[in-house]
Amino acid sequence: MTKFLKTAVRAAKAAGALQKKHYGKVKKIQFKGEINLVTEVDKACEKEILRVLRKNHPDHDILTEETGAHLKGSDYKWIVDPLDGTTNYAHGYPCFCVSIALEHRGKILVGVVYHPLLDELFWSVRGRGAYLNKKKIRVSPIKKLKRSLLATGFAYNVHTTKNDNIGHFTNFIKTAQAVRRDGAAAIDMCYIACGRFEGFWELGLKPWDTAAASLILEEAGGRSTLFKGQKLDLYADEIVASNGFIHGQMIAILRKGK
């Protein structure tokens with residue numbers, strides 16, 4: 001497990017160094033959808049992460065945002081978002097990160113999320129707690145939704161889908177203390193883990209957005225499920241995460257629907 005963690009940290013920091021080097025200097029932006037961006041930095045970061053993973057664990061499967069599945073028939077699978085918060089990055093908004101998780105037979109064993117501008121490394125190994133750099137972290141003790149700071153986001157199909165999260169946003173903005181929308185799900189969930197936020201929900205995410213952060217949050221004492229409280233499925237299209245204390249209250253709001 002220590003070897004796996006070291007590989008993940010090495011890959012995340014290598015990609016983070018590229019993000020920091022090219023921050024504010026994006027030259028090439030492509031569109032995977034109407035508002036879904038990819039930059040040359042996303043691709044360079046993924047290439048570097050793949051290099052590190054293949055060098056250290058050549059037989060492992062890998063799932064990445066930009067190039068999809070790289071299958072070797074292994075029980076181990078690395079789940080990688082080389083640059084979570086691409087739209088932020090392209091606009092020079094300083095909220096983005098690298099997210100790397102290791103899954104083994106459906107269970108996340110290692111999670112690393114790195115915010116290069118702040119040099120904040122969130123990490124966890126299953127059963128060993130959650131950390132921000134060298135400090136062990138825990139979720140906030142706040143127990144009431146109306147005293148809670150929440151985070152959310154809107155999927156890239158928000159312009160066209162009827163399931164656009166706007167109704168949920170309206171319901172939460174009227175019941176929570178406040179809601180933030182920063183555009184990097186992995187960071188949002190890690191901020192719950194260290195007590196900066198109390199809750200998060202979103203639709204339309206992919207496993208690379210939440211795999212690493214879900215373990216970090218769990219090991220920090222938090223909870224992640226589907227909207228009705230069912231067991232979390234990283235491959236489903238919805239997630240609600242919290243410090244655990246307000247989880248039932250958040251689910252009650254989500255059940256109101258649009």
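**View 1. Surroundings of Ile137.** Ile137 touches Phe122, Ala130, Tyr131, Leu132, Ala193, Cys194, Ile216 and Ala220, leaving out residues up to four places away in sequence. Contact means heavy atoms within 4.5 Å. The model is predicted: local features need pLDDT of at least 70, side-chain atom pairs count only at pLDDT 80 or more, and totals for chains, interfaces and linings use all residues. Residues are numbered from 1 along each chain as its sequence is written, and side-chain values use heavy atoms, with hydrogens and water left out.

**View 2. The largest nonpolar core.** This core holds 39 residues. Val113, Phe122, Ile137, Phe200 and Ile216 touch the most other members. Two or more residues come from each of β6 (97-104), β7, β9 (130-132), β11 (149-152), α5 (185-193), α6 and β15 (238-242). The largest share, 8 residues, belongs to α5. A separate second core has 30 residues, among them Val80, Val98, Leu109 and Val125. A nonpolar core is a set of buried Ala, Val, Leu, Ile, Met, Phe, Trp, Tyr and Cys residues joined through side-chain atoms within 4.5 Å. Buried means under 20% relative accessible area, exposed over 50%, partly exposed in between (1.4 Å probe, protein chains only). Helices (H or I, at least four residues) and strands (E, at least two) are DSSP runs, numbered from the N terminus.

**View 3. The second largest pocket.** About 400 Å³ of space lies here. The pocket has 16 lining residues, and Gly106, Arg126, Glu218, Lys231 and Leu232 are the closest to its centre. β7 (107-115), α6 (207-219) and β14 (223-225) each supply at least two lining residues. α6 gives the most, with 3 residues. A pocket is an open set of points on a 1 Å grid over the protein atoms alone where a 1.4 Å probe fits, with protein on both sides within 12 Å along at least five of seven lines; lining residues have an atom within 4 Å of a point. Points are joined across faces, edges and corners, and the volume is the space filled by probe spheres set on them.

**View 4. His247 in helix α7.** His247 lies in α7 (residues 247-254). His247 is buried, at 0% relative accessible area. Beyond four places in sequence, His247 touches Arg223, Ser224, Thr225, Val240, Ala241 and Ser242.

**View 5. Gln19 in helix α1.** Gln19 sits in α1 (residues 2-22). Gln19 counts as buried, at 0% relative accessibility. Its contacts, leaving aside neighbours within four places in sequence, are Val41, Cys45, Pro82, Leu83, Tyr89, Phe96, Cys97, Val98 and Pro116.
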